[in-house]
Amino acid sequence: MNIDLFGIDMNVWADAFIRVNIIVLMMTVVVMGLIYLERKVIARFQMRLGPTRTGPLGLLQSVADALKLVAKEDVRPRNADPWVFELAPYFVFVPIFLMFVAIPFAVDWEVRILDLGLFYVLAVSSVNIVGWVMAGWASDNRYAMLGALRSAAQSISYELPLVLSLIAVAMVANSLNLTEIVAGQGRIPNIILQPLPFVIFYIAMLAELNRTPFDMPVGESEMVGGPYVEYSGIRWSFFFLAEYASLFIMALLASAVFLGGWAWPLGEDWGRGWQFVLTAVKAGAIIFSVFWVRSTFPRLRIDQLMTFSWKALLPLAFVQIMVNGAILVYEPEKEVAQTLLGVTSAFGVFFLAWIINRSVTRPRPRPVVAARGEAVS
Amino acid sequence: MKGLLKSMGVTLSAFARKPVTRQYPEMHRALPERDRAFPILLWDHEIDEPFCTGCHACERACPVECMTVLMKDNPNHKSQGGESSRRKIIDKFWIDYGRCMRCNICVEVCNFDAIAMNNTWQGHEQSVYDRSDLVQELPQLLAEHRSGELKPWVAP
């Protein structure tokens with residue numbers, strides 16, 4: 001059976017092989033670029049220069065780091081569970097790459113157009129929690145175990161607001177196919193219609209990626225690196241690769257679902273080059289904001305993290321879904337429905353800001369507990 | 001919430017500012033005019049010989065005993081048909097920069113103004129691979145002032 005690969009008639013299996021290779025090669029390069037960019041950007045936020053010595057402007061720094069990691073010894077602790085320990089990096093790493101299958105970069109430029117693309121991406125993205133827990137469990141190390149459990153708790157908690165916010169958008173876009181969602185945003189990007197889901201998605205994305213201020217699972221100062229304490233060399237670099245690859249893919253997903261991907265504001269007539277530029281600029285802006293947040297905010301406590309997810313983000317996401325449903329079912333006029341959606345969602349953003357403001361300015365006093373477990377006044 | 005946004009603004013303004021890093025080995029900041037590195041010997045450009053007569057004053061005054069001085073009869077003295085009025089002159093001079101604590105006492109006790117503290121960047125950049133390489137000999141000690149790299153001394 002033959003299939004069309006960028007205009008060339010190709011055997012299905014050869015086609016799949018080529019596409020997978022393109023993804024893997026592109027990802028490795030993108031991740032190295034992202035690591036370089038992060039170091040440069042964070043350096044500028046701290047008024048430093050960042051890497052400058054390796055190659056022009058330090059551009060080869062990531063290559064040097066990668067070479068160093070590949071050349072390092074792959075150490076396995078004696079008490080570690082050999083199979084689980086050595087397989088864990090793949091369980092973290094493979095799901096991230098699987099997510100790329102459905103992401104649209106430009107018109108007809110995705111690995112596969114999946115009718116349930118959004119569903120597929122979300123389903124695959126939650127698999128890598130298994131890898132984290134495997135790594136933590138198999139390392140036979142308390143810090144790794146604690147980090148893995150925190151990672152699991154956090155990822156599962158924030159998975160729900162993430163999924164629900166995307167469901168709210170899918171209701172508005174009336175599709176789960178990522179390509180259709182993007183194509184439907186030619187005039188108005190979804191962030192205008194659904195600002196609240198975008199904010200929820202952004203916060204949940206930070207938590208899913210274990211980025212500051214939600215980086216307790218890997219907190220260097222308290223967990224000495226979390227689940228990958230015991231990893232070194234190529235296996236450790238797999239974790240790192242997965243971290244940055246997932247950052248990239250989450251930024252692409254956000255730019256496709258909320259910011260209009262390649263479709264907004266130029267539409268389909270400007271040609272593929274500009275569509276790639278649009279997608280890259282939008283994803284780049286989100287990645288930059290992630291670096292910005294990282295260089296600004298300190299780490300939260302684990303109870304604050306959980307409270308925020310279960311008591312603030314999740315109810316708001318549910319409310320948004322119900323409001324969306326009501327508006328879409330009972331308001332037949334498309335223009336009016338869109339205005340209503342935008343207004344109610346913007347109101348939700350203000351409500352969320354109020355909740356954050358309240359928790360920041362008036363933190364609830366926690367009772368001081370004495371050694372015997374009685375509250376001290 | 002206002003605080004959160006304000007902190008974002010603070011970091012963004014830091015991002016827009018110029019980095020404070022100086023690329024040290026390539027870029028040197030100007031040294032203070034009375035900067036004090038290690039002691040070196042001065043060169044009498046008029047008669048073309050060192051000022052130092054090897055009188056041992058600095059050697060005796062040195063609190064960390066980092067100096068070793070040997071004196072000889074000056075072959076360039078007037079009695080020998082030369083033009084110098086120095087009867088004795090320095091023969092060999094070692095300063096162990098590894099021991100020197102840059103206290104300036106040798107400069108203060110010198111009767112001939114023959115020793116001074118190096119006030120150039122070369123005086124600070126003395127890293128070597130072996131401690132014994134920190135012991136400077138007479139030609140090395142004289143080279144800086146003889147080539148005219150030393151900046152004029154400034155009164156406090």
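Let me start with the nonpolar core. By that I mean a set of buried Ala, Val, Leu, Ile, Met, Phe, Trp, Tyr and Cys residues joined through C-beta atoms within 7 Å. Buried means that 20 or more other C-beta atoms lie within 10 Å of the residue's own, with C-beta atoms placed from the backbone. The largest core has 91 residues, and Ile249(A) and Ala254(A) touch the most other members. Helix 11 of chain A, residues 233–257, gives this core its largest share, 16 residues. Helices here are DSSP runs of H or I, at least four residues long, and strands are runs of E, at least two long, numbered from the N terminus.

What does Ile249(A) contact, beyond its neighbours within four places in sequence? The answer is Ile96(A), Met99(A), Phe100(A) and Ile103(A). Contact means that the C-beta atoms, placed from the backbone, lie within 7 Å. A second, separate core has 23 residues, including Phe51(B) and Met67(B).

A word on the source. This is a predicted model, in which local features need pLDDT of at least 70 and side-chain atom pairs count only at pLDDT 80 or more, while totals for chains, interfaces and linings use all residues. Residues are numbered from 1 along each chain as its sequence is written, and chains are lettered from A and ligands numbered from 1 in the order in which they are written.

Now chain A as a whole. It has 14 helices and 4 strands. Its radius of gyration is 22 Å, close to the 21 Å that the globule rule gives for 377 residues, so chain A is as compact as a globular protein of that length. The radius is taken over C-alpha atoms, and the rule is 2.2 Å times the number of residues to the power 0.38. Buried residues make up 40% of the chain.

Next, two helices of chain A. The axes of helix 3 (residues 82–99) and helix 4 (residues 117–125) come within 8 Å and cross at roughly 170°. Axes are lines fitted to C-alpha atoms over the stretch in contact, and angles run from 0 to 180 degrees between N-to-C directions. That makes helix 3 of chain A roughly antiparallel to helix 4 of chain A, the word for angles over 145 degrees. Among the residues making the contact are Pro95(A) and Val121(A).

Last, chain B. An open sheet of 3 strands has the order 4-5-7, with antiparallel pairing; strands pair if DSSP finds at least two bridges between them. Strand 4 (67–73) and strand 7 (135–136) of chain B are the edges. Strand 4 of chain B is joined to strand 5 by 7 bridges, and Met71(B) has Ile90(B) as its bridge partner.

Notes: A residue is buried if 20 or more other C-beta atoms lie within 10 Å of its own, exposed if 12 or fewer, and partly exposed in between; C-beta atoms are placed from the backbone. Two residues are in contact if their C-beta atoms, placed from the backbone, lie within 7 Å. Angles under 35 degrees count as roughly parallel, over 145 as roughly antiparallel, 65 to 115 as roughly perpendicular and the rest as oblique.
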